[in-house]
Amino acid sequence: MKILRIILMVIVVASFLNGCNYNFIVPEDVPVIDPDDPDAPQISFANEIIPIFVNNNNCTSCHATGKQAPDLTSNNAYASLNSTRYINSTTPVESKIYKYPHPDTSTHMQKKYNSAQAALILGWIQQGAKNN
């Protein structure tokens, strides 16, 4: 009987120890982009912005040629975005391409940027939204 209690106690303790599950939230690495720093590296539209749109069909599942405007495919994204409709160079945070799919907004119900992607988009606009 004593052995049965010990076995039962071991099982109970083991189940409690095994039941502890910790989910650690790793903070997102958000780049700090200073638009007033002339020595800051330029954000590349081709190498840093286009991948936000096309990788994993992040945006291009809906925003592709013949679908919802703007066309964010690699070959057409810059021409589609290069207007005051999507880019507000006076007030970059009001740019539709930044504000609409921003992670903190409820306006775009499909895929959204993560914080790092949003920072890159904003930085690119602040640096003049160049086709580089």
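**Walking through the model**

Mentor: Start with D37, which sits in the loop between α1 (2–19) and α2 (45–54). Keep in mind that this is a predicted model.

Trainee: Okay, inside now. How many residues does the largest nonpolar core have?
Mentor: The largest nonpolar core has 23 residues. Those with the most contacts inside it are F45, I49, F53, L81, I97, I121 and W124.

Trainee: Which helices each supply at least two residues of this core?
Mentor: α2, α3 (77–81), α4 (96–99) and α5 (115–126) each do that.

Trainee: And where does the largest share come from?
Mentor: From α5, which gives six residues to this core.

Trainee: New topic. What about the loop between α2 and α3?
Mentor: Begin with N56, which is found in that loop. N56 has a positive phi of about 60 degrees, and it is not a glycine.

Trainee: Why point that out?
Mentor: Because most residues other than glycine have a negative phi.

Trainee: Is N56 buried or exposed?
Mentor: N56 counts as exposed, because its relative accessibility is 76% and the cut-off is over 50%.

Trainee: What about the phi of N57?
Mentor: N57 has a positive phi of about 50 degrees, and N57 is not a glycine either. N57 is also in the loop between α2 and α3. At 44% relative accessibility, N57 counts as partly exposed.

Trainee: Where is A64?
Mentor: A64 lies in the loop between α2 and α3 too. A64 is buried, because its relative accessible area is 13% and buried means under 20%.

Trainee: What separates the C-alpha atoms of A64 and A77?
Mentor: Those two C-alpha atoms are 9.0 Å apart. Along the chain, A64 and A77 are 13 residues apart.

Trainee: One last thing. Is the peptide bond from A69 to P70 cis or trans?
Mentor: That bond is cis, with omega near 0 degrees. P70 is in the loop between α2 and α3.

How values were computed: Residues numbered from 1 in each chain as written. Predicted model: local features only at pLDDT ≥ 70, side-chain atom pairs only at ≥ 80, totals over all residues. Heavy atoms only, no water. Helix = DSSP H or I, 4+ residues; strand = E, 2+ residues; numbered from the N terminus. Core = buried A, V, L, I, M, F, W, Y, C linked by side-chain atoms within 4.5 Å. Buried < 20%, exposed > 50% of the residue type's maximum accessible area, 1.4 Å probe, protein only.
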